[in-house]
Amino acid sequence: MGLALELVLKVTEVCNINCSYCYFFNGPDKSFQAHPKLMSLRTAGGVADYIRRAAGETQLDAVRLVLHGGEPLMLGKRRFTELCERLHIGDCAARTGLSVQTNAMLVDDEWIEIFARFGIDVGVSVDGPADYHDAFRVDHRGRGTHARTAAGVRRLREARDAGRLKSLGAICVVDPTRDARRVYRHIVDELGFRTVAFNFPDADWGNTAPETVARMGDFLGAALEEWLSDDDPSIAVRPFTGMLAFARAPGLAAWRALGETLVLGVASDGSLAPDDSYRMTMPDVFRPDAAALTVWNSELGDFRTRYGDGPLPGLSASKPGVCTACAWSAHCRSGEGAHRYDPAGHAWRETVYCEALKRVYARLRAYVVENGGAEPAAMAACA
Ligand code: SF4
């Protein structure tokens, strides 16, 4: 089995809004101040060449390029189009995909044509109904952005329903103090998304109280009940869809042999860094550095040597004892790297959200059994 590569490209390091929780502009890492506001076409060409060299170096099963920012649509339509052309890696043997992550406020029909032309998967950042969304996602004058995002979503949804758009999904940053039912129903019923991802706030063992984890468990549990009650296979929710598939068939070899996905961040100047989830936890890793790896001066092997295991050594090798005994471990894999960090001793533990995840897994196990599925012995033994 080869490697799946995901490159998160900071095609803009500027944004048309100013979310208060933004890890990129309002977090401890200020590397954006030293980078160009827009990625150049030369850098985009360097990214494409880097991937071609990587494909010669190792077996790549899949390559996904995520056009990210900041707000990627601030590139403007012409530059965005030229950039997509430069990023074309059709000569690479791996499956390739192009995504964009946007707040959708600038979306109009011409943008939709561009997304359609390049087969771009569109992800929209939306945190729930207006009162929730606007508490954090504000513009540079402090005004809420929900109405403008919802207008963009309407256009995108019409394009999706007309078959013009390849895919459309929502990414929702969870605020565990909110009413999960309202968040879920708004995103699915009112905005019309059929693909939803709940992103956990970037947190680690150094800054997360047990009460926050308990509230996260409550939030996920309530959102899960909404999803289960919909009983609609056309609605995919991350992380629930994958967890349910695992609860139904935990013995499948596919889970034991889950392939490796390596995520690389590419700044607008072509420098390489670990994925964004580490920006809050380890901002120093992102500091502009004369010894930085770039798409021109390095190969994929250099990145794997420096970061492939996470910004600190030992991440993939360290399976905490609590996970060794856990029935969900083949799927969970101890959680996301940044959430596993314990600053006391610079150690990797199980994810700080472990107890919240266990609640979801346990509910899904019960759901499978209630619906006539078999309960594997290993899972029945796990509380
Ligand atoms: S649910 Fe918790 S104990 Fe189980 S694998 Fe995940 S992090 Fe480890």
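Buried residues make up 38% of the 383 residues in this chain; "buried" here means that 20 or more other C-beta atoms, placed from the backbone, lie within 10 Å of a residue's own. Keep in mind that this is a predicted model, where local features need pLDDT of at least 70, side-chain atom pairs count only at pLDDT 80 or more, and totals for chains, interfaces and linings use all residues. Residues are numbered from 1 along each chain as its sequence is written.

The chain comes to 14 helices and 11 strands, counted as DSSP runs from the N terminus (H or I, at least four residues, for helices; E, at least two, for strands). Its C-alpha trace spans about 55 × 45 × 40 Å along the principal axes.

Now zoom in on the ligand. The shell around it has 13 residues, and Cys323, Cys326, Cys332, Glu350 and Cys354 come nearest; a residue is near if its C-beta atom, placed from the backbone, lies within 6 Å.

| Helix | Residues |
|---|---|
| H13 | residues 354-370 |

H13 gives the largest share, three residues.

So what does H13 look like? Helix H13 has 17 residues and reaches 24 Å from its first C-alpha to its last, close to the 24 Å expected (1.5 Å times one less than the number of residues). Its buried residues are Cys354, Ala356, Leu357, Val360, Tyr361, Leu364, Arg365 and Val368. An α-helix has 3.6 residues a turn, so residues three or four places apart point the same way. Just after H13, glycine 372 takes a positive phi of about 90°.

How values were computed: Buried ≥ 20, exposed ≤ 12 C-beta atoms within 10 Å, placed from the backbone.
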